[in-house]
Amino acid sequence: MDLACVVALNRAMSEALSREVPVDLDLSGVTFVDSRFIAAVGGWERDLGPERLRLELPPDARLQRLLALRSQR
């Protein structure tokens with residue numbers, strides 16, 4: 001998941017936000033993430049909150065560490 005995916009992610013998440021529906025974001029099959037995608041996911045987590053956004057993370061420990069950066073300031 002890289003910069004090219006961020007536009008589509010933001011569009012889908014904006015629609016979910018406007019409709020006030022819960023979101024399941026399944027990243028379990030992801031094998032690559034870049035910093036822009038991580039930042040986008042972190043931003044949506046803050047905007048939607050844990051009650052509306054559920055993340056399924058990949059089993060790869062390296063990717064889990066990278067995705068953990070989304071919650072750091």
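Leaving aside neighbours within four places in sequence, Asp34 is in contact with Met1, Asp2 and Leu3, where contact means that heavy atoms lie within 4.5 Å. The structure is a predicted model, in which local features need a pLDDT of at least 70 and side-chain atom pairs count only at pLDDT 80 or more, whereas totals for chains, interfaces and linings use all residues. Residues are numbered from 1 along each chain as its sequence is written, and side-chain values use heavy atoms, with hydrogens and water left out.

Asp34 is placed in the loop between strand 1 (23–26) and helix 2 (35–48); helices (H or I, at least four residues) and strands (E, at least two) are DSSP runs numbered from the N terminus. The side chain of Asp34 reaches the backbone nitrogen of Leu3 at 3.2 Å, and a polar atom of this side chain also lies 3.2 Å from the backbone nitrogen of Arg36. Asp34 is buried, a term that stands for under 20% relative accessible area, with exposed meaning over 50% and partly exposed the range in between (1.4 Å probe, protein chains only). Despite being buried, Asp34 has no salt bridge, and the nearest side chain of opposite charge, that of Arg36, is 5.3 Å away. In this count Lys and Arg are positive and Asp and Glu negative, while His and the chain ends are not counted, and a salt bridge requires a side-chain nitrogen of Lys or Arg within 4 Å of a carboxyl oxygen of Asp or Glu.

In soluble globular proteins, nonpolar side chains tend to be buried together. The largest nonpolar core has 19 residues, and those with the most contacts inside it are Leu9, Met13, Leu25, Leu27, Val33 and Phe37; such a core is a set of buried Ala, Val, Leu, Ile, Met, Phe, Trp, Tyr and Cys residues joined through side-chain atoms within 4.5 Å. Two or more residues of this core come from each of helix 1 (3–19), strand 1, helix 2, strand 2 (53–56) and helix 3 (61–68), and the largest share, 6 residues, is given by helix 2. Phe37 touches Met1, Asp2, Cys5, Val6, Leu9 and Leu27 when residues up to four places away in sequence are not counted.

Strand 1 pairs with strand 2 in the parallel sense over 4 bridges, pairing being assigned if DSSP finds at least two bridges between two strands. Within this arrangement, Val23 has Leu53 of strand 2 as its bridge partner.

Across the whole structure, 4 salt bridges are found. The side chains of Arg54 and Asp24 form one of them (3.1 Å, N to O), and because Arg54 lies in strand 2 and Asp24 in strand 1, this pair ties together parts that are 30 residues apart in sequence. Asp24 counts as exposed at 56% relative accessibility, whereas Arg54 is partly exposed at 43%, as is Glu56 at 34%. A further salt bridge joins the side chains of Arg19 and Glu15 (2.9 Å, N to O), both of which lie in helix 1, 4 residues apart, or about one turn of the helix.

Technical notes
A polar contact is a pair of N or O atoms within 3.5 Å; within protein, one must be able to donate a hydrogen and the other to accept it, and residues adjacent in sequence count only if both atoms are side-chain atoms.
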